[in-house]
Amino acid sequence: MAHHYRRLRPGVEEMPWGSLDPAGLPPKLVERARLSWTEAAYNEYCTAAAFAELMALLLAVNAPINLVALCGDFMADEMLHVELTSRLATLLGGGATYRVDFERLTPPSDPTLSTLARCNEAVVRLCCVGESFSLPMLAGCLRSSTHPLVQAVLSRIVKDEALHGRLGFEYLEWVDPLLDDAERDRLAGVAVDTLETLAPLWQRLRSEVQDGFTSEGYAIADVRRLGWMLSHEYRAAAHAAVREDVVAPLAEFGIHIPDAAVERLAPAAHR
Ligand SMILES: [Fe+2]
Ligand SMILES: [Fe+2]
């Protein structure tokens with residue numbers, strides 16, 4: 001099975017796994033990177049679980065064959081991302097301590113909703129918001145990164161992710177004739193809720209940069225080597241991603257996120 005898995009998703013062993021030596025980096029920064037890549041692995045695992053749930057819903061609503069089949073493929077992509085990110089954490093000293101409830105990887109769905117409404121909601125949460133937001137953010141980390149292994153891992157993830165968000169908008173094209181105004185408004189609320197859960201990623205950033213160092217005392221070169229953007233870059237990229245990759249494409253399907261919510265989550269002044 002391991003051989004077939006590799007054959008379907010090749011190029012992993014060829015990545016420069018031996019090139020990341022944490023010895024040359026400040027131990028505290030390595031510790032943060034270890035936690036950050038562990039969290040990344042957990043997030044990829046949750047995304048795999050969400051694609052698995054979405055696949056069952058797409059089957060139940062008789063969605064187009066290509067969407068259902070690709071959804072299964074995307075679940076497998078996410079498991080590859082789990083492997084890549086956890087291998088990076090391992091090279092940095094081993095996965096950080098992290099308590100995970102494997103039976104609660106995705107938000108519970110409302111049992112009073114119809115299957116179609118639950119499928120719409122899962123698509124908006126996972127693809128139209130989560131994946132559409134994360135693609136430009138990961139691409140930003142890839143541009144920031146200067147280490148060959150981190151670049152190899154991020155470029156593989158970015159390449160796979162490009163299609164994951166698009167599935168959501170292709171689904172909306174298919175389901176569009178079945179959506180009434182109330183359902184579009186409900187889905188706008190779902191999108192806002194999902195963005196609220198992501199917002200601490202950029203709203204809690206406090207680090208500043210001065211003379212080549214962050215306010216925590218880390219050299220910018222080391223921060224970039226480990227695959228992070230600087231705080232101000234991350235914040236600007238997040239604001240742009242919310243507006244351009246989530247809010248605008250959803251509006252094309254009549255799913256309008258209120259201006260006040262957009263301004264709160266991605267203030268225009270910071271762009
Ligand atoms: Fe992923
Ligand atoms: Fe993804």
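**Helices and a buried loop residue**

Modeller: Helix H5 covers residues 148-175, and at 1.5 Å a residue its 28 residues should span 40 Å; the end C-alpha atoms are 42 Å apart, so the two agree. This is a predicted model.

Colleague: Where is the kink in H5 centred?

Modeller: On Asp160, with an angle of about 25 degrees.

Colleague: And H2, what span should its 34 residues have?

Modeller: At 1.5 Å a residue, H2 (residues 27-60) should span 50 Å, and its end C-alpha atoms are 50 Å apart, which agrees.

Colleague: Which residue just after H2 has a positive phi?

Modeller: Asn62, with phi at about 60 degrees. Ala63 sits in the loop between H2 and helix H3, which runs over 65-91.

Colleague: Is Ala63 buried or exposed?

Modeller: Buried, because 21 C-beta neighbours fall inside 10 Å and the cut-off is 20 or more.

Colleague: What is Ala63 in contact with, leaving aside neighbours within four places in sequence?

Modeller: Leu58, Val68, Tyr171 and Trp174.

Colleague: Change of topic. How many helices and strands are in the protein chain?

Modeller: There are 10 helices and two strands. In sequence order the pattern reads α-α-α-α-α-α-α-β-β-α-α-α.

Colleague: What about the radius of gyration?

Modeller: It is 19 Å for the protein chain; a compact globule of 271 residues would be near 18 Å, so the values agree. The C-alpha atoms fill a box of roughly 55 × 50 × 30 Å along the principal axes.

Colleague: What share of the residues is buried?

Modeller: 34% of the 271 residues.

Methods:
Residues are numbered from 1 along each chain as its sequence is written. Chains are lettered from A and ligands numbered from 1 in the order in which they are written. This is a predicted model: local features need pLDDT of at least 70, side-chain atom pairs count only at pLDDT 80 or more; totals for chains, interfaces and linings use all residues. Helices (H or I, at least four residues) and strands (E, at least two) are DSSP runs, numbered from the N terminus. The expected span of a helix is 1.5 Å times one less than its number of residues. A residue is buried if 20 or more other C-beta atoms lie within 10 Å of its own, exposed if 12 or fewer, and partly exposed in between; C-beta atoms are placed from the backbone. Two residues are in contact if their C-beta atoms, placed from the backbone, lie within 7 Å. The bend at a residue is the angle between axes fitted to the seven residues ending there and the seven starting there. The radius of gyration is taken over C-alpha atoms; the globule rule is 2.2 Å times the number of residues to the power 0.38.
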